[in-house]
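Try each task before you read its solution.

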Amino acid sequence: MGSSVSHAAAPPPPAYGAPPPFAAADAAPPPKPHEEEAAEEKVDYLNLPCPVPYEEIQREAFMALKPDTFEGMRFDFTKMISQHFALSHSVNMGSVEVPAQGNDVIKIPTSNYEFGANFINEKMMLMGRVSHEGRENIRVKFDLTENLSVKINAQLTSEPHYSQGMFNFDYKGKDFRTQIQLGNNAFYGANYIQSVTKNLSLGTEAFWLGQQRKSGVGVVARYDTKKWVATGQIATTGMVALSYVQKVSEKVSVRS
């Protein structure tokens, strides 16, 4: 008996440019770059983002241009009493710069101690501080509903005509914010800011200071992208503020 061995011919190589054998026949080609840009440019005007509060329209520029710096020594200690209640102690020792005639600056040594108590939960925030001189700072925020909140900021001193108080009623809509302000010295104010596109928001404000019999109107514009933020603010009081913040690899450069 004999044995026979047959050699099957090797399969031909796949043609150049043919899809791999495991690729789906109906697979769609990847989108082209210009098609992706066109998809990103589509704006759903019925689903715009909520803008930042009016008073924080230039918060990126303030954080970069006005950092929390001081000359001297500061000590802060906070003790959590419960999940929502905490006590704090703060000691500051340094100097205060007082302008003088010409280019000279006078530095006056100063020190301060403050005792604070904070209560924060899901709907309420109570923050109070009292200094060794008897000056009190009070901040209250209470959420009446999911969209409506009340804010109270007060500074009480023993010196006459230096105490201040402000009540804010904030309403947060789906794509807008509005605020009504009531303060001492017969101060009344209101502002409104609206998202026009997913990047652009426009706002306006008006106020009346009854004690000084002064009024003012202002407008703001903010354009926010993933890489940069540009803001502009103009008021009849003579204030003009322009800022440009560009983010580069977690670093922020500011031009204003």
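## Exercises on core and surface

Buried residues (under 20% relative accessible area; exposed is over 50%, partly exposed in between; 1.4 Å probe, protein chains only) make up 20% of the 256 residues in the chain. This is a predicted model, where local features need pLDDT of at least 70 and side-chain atom pairs count only at pLDDT 80 or more, while totals for chains, interfaces and linings use all residues. Residues are numbered from 1 along each chain as its sequence is written, and side-chain values use heavy atoms, without hydrogens and water.

**Exercise 1.** Find the residues of the largest nonpolar core, then list the contacts of Ile57.

*Step 1.* A nonpolar core is a set of buried Ala, Val, Leu, Ile, Met, Phe, Trp, Tyr and Cys residues joined through side-chain atoms within 4.5 Å. The largest one has five members: Val52, Tyr54, Ile57, Ile193 and Val220.

*Step 2.* Contact means heavy atoms within 4.5 Å. Setting aside neighbours within four places in sequence, Ile57 touches Val52, Ile193, Val220, Arg222, Thr231 and Gln233.

**Exercise 2.** Decide whether Tyr188 is buried, partly exposed or exposed, and say which strand holds Tyr188.

*Step 1.* Strands (E, at least two residues) and helices (H or I, at least four) are DSSP runs, numbered from the N terminus. The chain has 14 strands and two helices, and Tyr188 lies in strand β9 (residues 187-195).

*Step 2.* Tyr188 counts as partly exposed because its relative accessibility is 47%.
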